[in-house]
Amino acid sequence: MPMDSFNKKALAFMEKTKRSPSFIWRKIWKVGRDDPRRAIHSLKVGFSLTLVSLLYLMEPLFKGVGQNAIWAVMTVVVVLEFTAGATLCKGLNRGFGTLLAASLAFIFEFIAREYGKVFRAVFIGASIFLIGTSTTFLRFFPKIKKNYDYGVVIFLLTFNLITVSSYRVDDILKLAKGRTYMIGIGSGICILMSLFIFPNWSGEDLHNNTITKIEGLAKSIEACVTKYFNVEEPNLEIDETMEDPIYENYKAVLDSKSTDETLALHASWEPRHSVHCHKFPCQQYVKLGGVLRHFGYGVVALHGSLQTEIRTPISIRLLFKDPCIRLASEVTKALMELAGSIRNRHQCSPENITEQIHQALQDLDTALKSQPRLFLGPNSPYNTPKMLAMLTTTARQKFEHHLSNMNADSPSERKPKGVSETDKKVLRPTLSKLAITSLEFSEALPIAAFVALLVELVARLDLVIEEVEKLGRVACFKEFKHGGDVVVDVERRTKTEINVSSFATGE
């Protein structure tokens, strides 16, 4: 028996081994196909490493630089990032940090050299303590932490290496110059490769990322409203939310804060590379991202209304289907127009965008007023005594029907009089649900909440339009011309992959 189990496991392992090459190849192909820039960046890194390795491989170059050539290789590995902004940020930080540390270490060595060996050791130890303490404390300043943290770490590391080595090495100036030159060569190669060989700009990634988020929100709203008014009952399984396309569309918006801030930081280091050499408004994109997240929370609530326990009957939902779908369609169209204006770098026209939305809101308000008995209280003049009596009788019958079903259980299934606390906790949600469904307006509450969330999205859309309008002015987009055709690509399905380089400070 144990032998059979072993044979089965061995056969299964062999099958997985046979399938693994094709599986790995499909994964590699998918990663490269999703964003071909990844393959180009990999080739750039390989070429840069080969280039700096010549300092070791070619004898004339090695005689000139010696063992310090390893610093150029390490610099390329650490500094060369996916985008030009990230490479500039790390390269300039590393270069200036190394230069400043080498200069300071040389000054301290020049002072300590004039005295005896004991004083020199004490002075080196004291300088290491003083520089290490002050530099580490400097990293806690928010502005330093955000923009120059990597440079401060490199400064501290280089200073300690040179200062400690100077106690055993006679020619400290040669050591400092050699390491500084090699780090400068490595950083220069990285910057040249990032700026002039198929450059990837952080600003462009942030720009495209913003467009993708707006389009994702538009698709989520349209899908939510369509699914809500579908005749088929939606699935309430929460576990399937991760695979829900509605969730996938707005997920990128909710998780975008750190990505936007990182891309904006790297974009601030990039030179002006556009045709008109305008300054890239990275902070305005970050503000727009915050407004989109605020708008996205409303989409999350709208999506949650599809999974409520208490649901409005389809007959009542159909009464408001057309005005709700029209309003959602206008909101979707407005978001797509905003995304199109950012993509084409044209300023938007708030009046043209919101004109149809206001009309759709009026139609929805008319539809709501046409069904007063669903939303107005018992004191409303629209509710006659006969109608109120009918609603009360129906509610009482529902509650009594549920209670009779509970009492009709078999004796073996009934709980004893001494019900435990655990049993009470199990029963409470059921009783609460029965009490809610027996309320007079229980059938109208879900549709009222759904409509309220839809109207709330319209209110939050004004904030999005305002930020996009500011972005157009700050970024010097082309001015909007009345009568011009605006092309909205509603069926666009392109998904932009964004690679964000990490702030790795390790050597």
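Which side chain does E215 meet in a salt bridge?

A: E215 meets R343, with N and O 2.3 Å apart. A salt bridge here is a side-chain nitrogen of Lys or Arg within 4 Å of a carboxyl oxygen of Asp or Glu. The pair ties together distant parts of the chain, 128 residues apart: E215 belongs to helix 10 (residues 202-228) and R343 to helix 15 (residues 321-343). Helices are DSSP runs of H or I with at least four residues, numbered from the N terminus.

A quick word on what you're looking at: this is a predicted model, where local features need pLDDT of at least 70, side-chain atom pairs count only at pLDDT 80 or more, and totals for chains, interfaces and linings use all residues. Residues are numbered from 1 along each chain as its sequence is written, and side-chain values use heavy atoms, with hydrogens and water left out.

Back to the pair. E215 counts as buried because its relative accessibility is 3%, while R343, at 26%, is partly exposed. The cut-offs are under 20% relative accessible area for buried, over 50% for exposed, and partly exposed in between, with a 1.4 Å probe and protein chains only. As a general point, side chains of opposite charge can pair when their charged atoms come close.

Take L335 as an example: leaving aside neighbours within four places in sequence, L335 is in contact (heavy atoms within 4.5 Å) with I214, L217, A218, I221, F295 and L461.

One joins E261 and K257, whose closest N and O atoms are 2.7 Å apart. Those two both lie in helix 12 (residues 257-267), four residues apart, or about one turn of the helix. Both ends are partly exposed: E261 has a relative accessible area of 37%, and K257 comes out at 44%. K145 is partly exposed at 45%, whereas D149 is buried at 10%.

One more buried spot is worth a glance. T163 sits in helix 8 (residues 149-166) and counts as buried, since its relative accessibility is 4%. The T163 side chain reaches the backbone oxygen of F159 at 2.6 Å. Setting aside neighbours within four places in sequence, T163 is in contact with A105, I124, S127 and I128.

For contrast, look at L57 in helix 2: with a relative accessible area of 67%, L57 is exposed.

Methods
Polar contact = N/O pair within 3.5 Å; in protein donor to acceptor, adjacent residues only side chain to side chain.
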